[in-house]
Amino acid sequence: MFKFLVKGLIRDRHRSLLPIIVVALGVLITVYTYTYMKGVFGESLEIAAIFDSGDVKITSRAYYAEKDEAPNDLALENTGDLLGQIRKDFPELAWSERIKFAGLVDAFDSDRVTRAQSGVRGVAIDLLGSDSSDRDRWQLETAVTEGRAPENPREILITQKLAERMKINVGEEVTLITNTINGAMSAVNLTVSGTVYFGVGFMDRDLILADLKDIRWILDMEGWTSELLGFFDLPAYDDEIATALADDFNLKHADSSDDPYGAVMNTMLDDSGMREYFNYAENAGSIVIIIMITAMGVVLWNAGLMSGIRRYGEMGLRLAVGESKGHVYRSLLGESIAVGLVGTFFGTLLGLGLAFYLQEVGIDISGMMGDAEIPFPTILRAKINGMAFVIGVFPGVMSTFFGAALSGLAIYKRNTAALFKELES
Amino acid sequence: MMENKLIAGLAGVALVLLFNAPQSACANAPTPEQILQRVDANMVFESAISKTSMTITNRRGRTTSIISKSWSKGEKNALVEYLAPARNKGTKMLMLDDELYTYSPAADRIIQISGHLLRQSVSGSDLSYEDMMENDALLEVYDAVLDSEEVWDGRNCFVLALKAKKMEIAYPSRKVWIDSERYLPLKEERYAKSGKLLKKIEIRDLVRTQNRWYPREIFFKDMLSNGQGTIYRIEEIQFGVDIPEHLLTKAALRR
């Protein structure tokens with residue numbers, strides 16, 4: 001029976017071509033949108049984790065309350081003991097110490113007179129330690145566009161844009177003017193060992209990357225750490241695991257809950273304020289499917305109605321020769337499944353092709369990012385996962401089935417007694 | 001004739017007494033301008049060398065002490081060199097007319113402090129660079145009105161409301177409690193143009209030296225910061241000393 005229906009579809013292209021094209025287009029859009037959303041949302045969360053929040057972050061309570069200001073005078077003191085403890089308590093995570101700071105970079109001439117000055121924000125990570133996990137996490141090998149990553153004390157990396165704007169060459173000495181945690185002005189000369197480009201708008205503007213030891217010395221923060229970031233060895237952020245871990249840590253440190261300088265752990269979603277964004281990303285597939293089923297269903301319902309008008313005589317004849325209305329209706333539904341499967345196949349193929357292009361090449365939107373302060377990639381990339389191969393089946397088959405089921409209801413409205421009269425006319 | 005002259009003379013004396021009596025009473029209470037004049041006479045000097053300490057208490061309740069030596073000439077030229085702590089030793093600040101420079105020995109750089117940097121705190125204290133640069137005689141910069149007379153810390157004070165004569169000034173208005181005997185401001189509130197209280201200052205100790213009263217210990221509180229205030233103490237001061245010209249130059253910062 002199904003074979004018979006497929007033959008009918010192939011031989012009568014008017015019956016199958018338009019619905020297949022509609023389904024293929026719809027599935028293409030579904031697959032493409034799904035992979036795009038997965039790619040962009042996933043990358044945003046990854047950026048937030050790597051550059052800002054980790055999967056979990058430990059700070060002092062007072063620091064967390066003012067975290068947007070990066071108040072280093074409220075940082076955690078003597079973090080060596082705490083670091084040893086959390087490495088023992090939570091061995092499944094990799095831990096990274098961070099200090100964020102702000103200041104001025106002052107480029108000077110041979111007479112040591114200022115020739116260019118710019119406000120910068122800085123991040124200090126363990127660049128020179130024996131453990132290279134921070135360097136790997138920041139992908140410095142690929143991010144360095146000129147020069148090299150710091151290998152000696154007092155060496156820094158600056159963004160390519162900053163170097164271009166201030167006309168700073170690799171190997172040049174610049175003065176970092178900032179404030180110690182006591183508020184005193186601190187001016188120190190640092191050598192620019194290289195320039196970096198991360199492909200993340202807010203990171204690529206006015207950032208300097210320095211070694212933790214240097215910045216501790218410059219900011220008078222010996223033994224202090226502003227933020228302790230924890231990273232799970234998981235392919236993507238898992239909020240359930242992160243929340244359980246944070247609850248466990250905070251319970252263990254509950255005795256210091258009145259101490260504003262006591263440690264507190266927060267998940268990436270709470271720290272970065274991306275919980276809603278994350279929920280949206282998690283439900284991206286469902287959202288796309290619902291939208292596409294509805295939109296395509298309406299289009300295919302309409303196509304079915306048009307087809308019903310075109311095949312008005314055929315239906316009448318089939319009913320007139322004794323085919324039951326239910327059988328005709330079911331055959332229409334069978335046809336719709338065949339159309340849906342074929343359309344889904346082609347749509348998925350095309351959608352995956354486009355998604356693959358977007359995954360490998362991406363779309364550069366750096367010009368549109370302006371001064372945005374959100375962890376958003378400047379090159380949008382799709383991400384093809386296992387779900388991308390099957391996600392088109394739901395809207396592809398369901399929308400044709402839904403469209404045929406609605407338009408096919410007209411069969412039950414045909415008056416059998418008037419069929420021959422209709423055929424005669 | 002003599003009698004007439006005598007009567008006329010007595011009448012004249014009486015008239016003089018009559019008309020002068022209230023004027024004499026007013027003369028006892030100096031005008032706001034006279035008060036400021038006498039304050040400026042204490043506070044403004046031709047030249048001075050001083051050694052000071054600045055004890056800063058941050059919002060975590062920790063204190064830092066900075067010891068420095070200053071050479072001042074007139075209202076607009078001064079050099080400050082940090083002597084301690086070791087981390088800040090050798091840092092210098094030079095005020096030349098309306099410009100302020102700082103020298104950092106760690107970077108061997110002379111950096112001009114200008115624009116918004118002037119509003120930043122000096123070494124984490126409750127004093128801003130602008131505060132350091134405001135050495136003009138009060139009478140030159142402010143119009144004064146006698147607000148009231150109060151007792152502050154056991155001393156009789158004139159309370160003056162000051163309003164800036166020019167726009168480009170860090171504190172467009174101030175309220176000052178001036179010791180009515182020693183003519184030193186014992187307490188001060190400095191306000192923004194909007195009327196917001198920016199800074200509170202109290203003189204907690206003073207000294208009589210070289211025929212003038214001068215503050216020995218001043219407490220500053222920046223009302224916009226979370227710190228617990230700064231105590232500025234003048235350990236030693238010598239007025240009217242000869243300061244070599246070359247000391248107050250940019251070139252001297254590196255020496």
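**Helix packing and a strand trio**

A: Helix 13 of chain A and helix 14 of chain A are oblique to each other, meaning their angle is neither under 35 degrees (roughly parallel), over 145 (roughly antiparallel) nor 65 to 115 (roughly perpendicular). This is a predicted model, in which local features need pLDDT of at least 70, side-chain atom pairs count only at pLDDT 80 or more, and totals for chains, interfaces and linings use all residues. Residues are numbered from 1 along each chain as its sequence is written, chains are lettered from A and ligands numbered from 1 in the order written, and side-chain values use heavy atoms, with hydrogens and water left out.

Q: At what angle do the axes of helix 13 and helix 14 of chain A cross?
A: Roughly 140 degrees, and the axes come within 9 Å. Axes are lines fitted to C-alpha atoms over the stretch in contact, with angles from 0 to 180 degrees between N-to-C directions. Helices (H or I, at least four residues) and strands (E, at least two) are DSSP runs, numbered from the N terminus.

Q: Which residues of helix 13 and helix 14 of chain A meet?
A: M315(A), R318(A) and L319(A) in helix 13 meet K325(A), V328(A), S331(A) and L332(A) in helix 14. Contact means heavy atoms within 4.5 Å.

Q: Changing topic, why is strand 5 of chain B largely enclosed?
A: Because five of the six residues of this strand, residues 99-104, are buried. Buried means under 20% relative accessible area, exposed over 50%, and partly exposed in between (1.4 Å probe, protein chains only).

Q: How does strand 4 of chain B pair with strand 5?
A: In the antiparallel sense, over five bridges; two strands pair if DSSP finds at least two bridges between them. M95(B) stands opposite L100(B). The two strands form a hairpin with two residues between them, and D97(B) in the turn has a positive phi of about 55 degrees.

Q: And how many bridges join strand 5 to strand 6 of chain B?
A: Five, with the strands running antiparallel. T102(B) has I111(B) as its bridge partner in strand 6. Four residues lie between the strands of this hairpin, and D108(B) in the turn has a positive phi of about 50 degrees.

Q: Where is R87(B)?
A: In the loop between strand 3 and strand 4 of chain B.

Q: What does R87(B) touch?
A: Leaving out residues up to four places away in sequence, R87(B) touches T180(A), S186(A), W217(A), I218(A), L219(A) and D220(A). At 36% relative accessibility, R87(B) counts as partly exposed.
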